[in-house]
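Subject: Handover of a structure and findings

Dear colleague,

Please find the structure below, together with its sequence. I would be grateful if you would look through it before reading my notes.

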Amino acid sequence: MGFSVRVAKGVRISASSRGVRTSVRAGPVSYSVGSSRRGSSRSSYRGGATGGSTRASYAASQRQLREAAKLEQAQELRQAFERILNLHRQEFPGASRPVVSPPPALDESAVRQRHEAAALQGIGIFKRSERAAAKERAAASAQQEIDVERVRQAAEQDSLQAELDECWRALNANDPEAVLDTLADAFEDNEAAAAPVNVEGDEVTLVMLAPPQDVIPERYPTYTDAGNLTLKKLPKADRSSFYKQLICGHLLATLRETFAVAPGIRATRAVVLRSSAPDAYGNVRPELLIAGRWQRQAFEGVRWSTADAVVVVNDTATELVLNQKGSAKELTPVVLNKEPELANLVGIVDFAELTEG
């Protein structure tokens, strides 16, 4: 029978270097992952006024610069690997009923001064009785303006609050448009591009775009038996393991954010896609890495501070489709021969833009 997944009628999914877009109001989402290596600054050697350093001291200074650069790169690599292992531990505050901010305070004193200045215009300072009567009229007209403005502000605030309450009601009732719009907005700043593509009852379907495996650093910092820092090449099995952690970490973060911002959603079907390597003609195609279904309640009680992302993905899914290969347990594309609905979803994804520019 295969994994069940549906996409809203008429939806097309476009994946590009800028993210994932759908025709259901899902705006482009950009993402960047992996460590970026800053070029180490080069120090130029200049001799002093007395003829400069000796060749030995010059060599020593160069060794110090190289060690400093290695230390900096090692720190960046450590941070990159730690970040990969902690992606799924991101916290997302739960959605709450939006409340309109109170209107700015009305400057009643300025209103009264304006009315009084207008009322006293042309009345001499010695015409005390006329000035007193003018001030009374000014006070009354100023108070009337203040009362009218307060009523207007209250009506405007009530109207805006009513609009927000209707949006909140629709979101909690899992109105498809409300849920899709809310999730699309929430995913805009995600590192792993994602887009909602369908809502049925209290279940939403998402598509996430995975980064290529080459975002995993090729080397990691360690120490030799002599205690010297070295940047060792990461074994293939370890690199595959970190890649799975990366994909599962981003997936879990996307799921947690979904449940946080869409309080009426009880289950999420997620499909993780990746672009293939270009063929001889420069064309790429979408590859399916993971498809699964996760319920909100399954995330309750998860020990996020210690649980491994791959373990959480496996232990919390009610349905899960993925393919691992070889002793390295490398995550490889799922064969879709027996997954007609997944094949249909992959078939409406356009990866052409990935080959542009």
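The notes below describe what was found.

**Basis of the description**

This is a predicted model, in which local features need pLDDT of at least 70 and side-chain atom pairs count only at pLDDT 80 or more, while totals for chains, interfaces and linings use all residues. Residues are numbered from 1 along each chain as its sequence is written, and side-chain values use heavy atoms, with hydrogens and water left out.

**The chain as a whole**

The chain holds seven helices and 11 strands. Helices (H or I, at least four residues) and strands (E, at least two) are DSSP runs, numbered from the N terminus. Of the 357 residues in the chain, 40% are buried. Here buried means under 20% relative accessible area, exposed means over 50%, and partly exposed lies in between (1.4 Å probe, protein chains only). The accessible surface comes to about 20500 Å², and carbon and sulfur atoms account for 49% of it; such areas come from the Shrake-Rupley method with a 1.4 Å probe, and for residues only the protein chains shown count as cover. Among contacts between residues at least 6 apart in sequence, 70% join residues at least 24 apart, a contact being heavy atoms within 4.5 Å.

**Helix H5**

Helix H5 covers residues 236-261. The expected span of a helix is 1.5 Å times one less than its number of residues. For the 26 residues of H5 this gives 38 Å, and the end C-alpha atoms are 38 Å apart, which agrees. Because 22 of its 26 residues are buried, H5 is largely enclosed by the rest of the structure.

**Salt bridges**

A salt bridge is a side-chain nitrogen of Lys or Arg within 4 Å of a carboxyl oxygen of Asp or Glu. By this rule there are 13 salt bridges.

One of them joins the side chains of Glu-91 and Arg-256, at 3.3 Å from N to O. Glu-91 lies in the loop between helix H1 (55-86) and helix H2 (108-120) and Arg-256 in helix H5, so the pair ties together parts that are 165 residues apart in sequence. Glu-91 counts as exposed, because its relative accessibility is 60%, whereas Arg-256, at 12%, counts as buried.

Another salt bridge links Arg-150 with Glu-108, whose closest N and O atoms are 2.0 Å apart. Since Arg-150 lies in helix H3 (residues 128-172) and Glu-108 in helix H2, this pair ties together parts that are 42 residues apart in sequence. Arg-150 is partly exposed, with a relative accessible area of 41%, and Glu-108 is partly exposed at 22%.

Glu-156 and Arg-152 also form a salt bridge, with 3.3 Å between the closest N and O atoms. Both residues lie in helix H3, four residues apart, about one turn of the helix.

Which strands make up the open sheet of six strands, and in what order? The order is E3-E4-E7-E8-E9-E10, with mixed pairing. Two strands pair if DSSP finds at least two bridges between them. The edge strands are E3 and strand E10 (330-332), each of which pairs on one side only. From one strand to the next, the twist averages 30 degrees; axes are lines fitted to C-alpha atoms, for helices over the stretch in contact, and angles run from 0 to 180 degrees between N-to-C directions.

Strand E3 (residues 194-200) is largely enclosed by the rest of the structure, because six of its seven residues are buried. E3 and strand E4 (residues 203-209) run antiparallel and are joined by six bridges. Within this pair, Asn-198 has Thr-205 of E4 as its bridge partner. The hairpin of E3 and E4 has two residues between the strands, and Gly-201 takes a positive phi near 60 degrees there.

Strand E8 (residues 286-295) and strand E9 (residues 317-325) also run antiparallel, with five bridges between them. Ile-290 stands opposite Leu-322 in E9. Helix H6 (residues 309-316) packs on the sheet and touches E8 and E9; its direction makes about 130 degrees with that of E9.

**A backbone detail**

Most residues other than glycine have a negative phi. Asn-174 is not a glycine, yet has a positive phi of about 60 degrees. Asn-174 lies in the loop between H3 and helix H4 (176-187) and, at 10% relative accessibility, counts as buried.

Yours sincerely
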